[in-house]
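Work through each task first, then compare your steps with the solution.

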Amino acid sequence: MRKPLVGALFAVLLLGAGIAPATAATSHDAAAPGTVKAAAPSSTTAVRAEVGAKAIGFAGTVALSNCSGSVVRTPGSQPNDPALVLSNGHCMESGFPGPGVVVRDQPSTRSFTLLNSAGSGVGTLRASKIAYGTMTDTDISVYQLTSTYAQIESSYGIKALELNTAHPVQGTAITVVSGYWKRTYSCNIDGFVYRLKEGSWTWKDSVRYTSACQTIGGTSGSPVIDNATGKVVAVNNTGNEDGQRCTENNPCEVDASGKVTVRQGINYAQETYGIVPCIVAGNKFDLNAAGCTLPKP
């Protein structure tokens, strides 16, 4: 995992939070356990990925204490619904959920720094709970905020990023936007992994990036944005750092026949289209809703 960073206090020391699969603030921003190999974030490191006449900026992304994330909505979310923040399951303050564990409606007062398009922090958002979190089949956490989308837009002029409703497509040009590092990574979707195994965890139908996306610790939880639509198609979570086989920070690919492939230096994300059917009126999670296939407690 792209190890989550322990927090700003330790960013200078580049310490990892001991996370296995995602890219947290360690060597992979917040994905897996280990040491961070990148410099501390600053406003001067903000980068924008140019997409033709359009640019993918940082508006709507957030910085957690140890990871990255984004304020997200579904096509059905309403202005007065409580807003949601998407990140990785391994970025939760309660620690890595074990295989088969699903966190639901767990109280939380976690804070998030909201960024504008240039990557500057413009305000602090606060959670009321972890609406959903798991590292089984996928690696996601979704926080419900104390603010509505309308309140955030009124106060900061920033809109939520929309979750795409369709499976991502191979070859798509994408940008991984890290609110923690205020940095973007541009590449393409290289393909999809039947099963991605890292330590005790297994994820299904993961996104594999082309080699240009060299994400680092602290980028865990970053939204993966389709350059053409501006919508979120995945959430960044891990990469193989040392060429090891199926160990923490070294995920391996397993195909349908059981064949294992190790790709050192290649990074991965978890698709997000499957989240949409599970969110119903009022931005509430209903794991029994039609089309919802997220793991249940």
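A residue is called buried under 20% relative accessible area, exposed over 50% and partly exposed in between, with a 1.4 Å probe and protein chains only. This is a predicted model, in which local features need pLDDT of at least 70, side-chain atom pairs count only at pLDDT 80 or more, and totals for chains, interfaces and linings use all residues. Residues are numbered from 1 along each chain as its sequence is written, and side-chain values use heavy atoms, with hydrogens and water left out.

**Exercise 1. Decide whether Ile189 is buried or exposed, and list what it touches.**

Step 1: Contact means heavy atoms within 4.5 Å. Not counting residues up to four places away in sequence, Ile189 touches Pro168, Val169, Gln170, Gly171, Thr172, Ile174, Val207 and Arg208.

**Exercise 2. Work out how strand 10 pairs with strand 9 and strand 11.**

Step 1: Strands pair if DSSP finds at least two bridges between them. Strand 9 and strand 10 are antiparallel, with five bridges, and Leu115 stands opposite Gly121 in strand 10.

Step 2: Five residues lie between these two strands in their hairpin, where Gly119 has a positive phi near 95°.

Step 3: Strand 10 also pairs with strand 11 in the antiparallel sense, over six bridges. Here Ile130 has Tyr143 in strand 11 as its bridge partner.

Step 4: This second hairpin also has five residues between its strands, and Asp137 in the turn takes a positive phi of about 70°.

**Exercise 3. Classify the aromatic pair of Phe112 and Tyr143.**

Step 1: Rings of Phe, Tyr and Trp (its six-membered ring) pair if their centres lie within 6.5 Å; planes under 30 degrees apart are stacked, over 60 edge-to-face, and the rest tilted. The count by this rule is four aromatic pairs.

Step 2: For Phe112 and Tyr143 the ring centres are 5.2 Å apart and the planes stand at 70°, so the pair is edge-to-face.

Step 3: The pair links distant parts of the chain, with Phe112 in strand 9 (residues 111–115) and Tyr143 in strand 11 (residues 140–148), 31 residues apart. Both residues are buried.

**Exercise 4. Find which residues touch the most other members of the largest nonpolar core.**

Step 1: A nonpolar core is a set of buried Ala, Val, Leu, Ile, Met, Phe, Trp, Tyr and Cys residues joined through side-chain atoms within 4.5 Å.

Step 2: The largest core has 44 residues, and Val71, Leu86, Phe112, Leu145, Phe285 and Leu294 touch the most other members.

Step 3: Among the elements that give two or more residues to this core are strand 6 (68–73), strand 7 (82–87) and helix 2 (149–156). Strand 10 gives the most, with five residues.

Step 4: Another core, of 15 residues, lies apart from it and includes Val176, Cys213, Val224 and Ala234.

Technical notes: Helix = DSSP H or I, 4+ residues; strand = E, 2+ residues; numbered from the N terminus.
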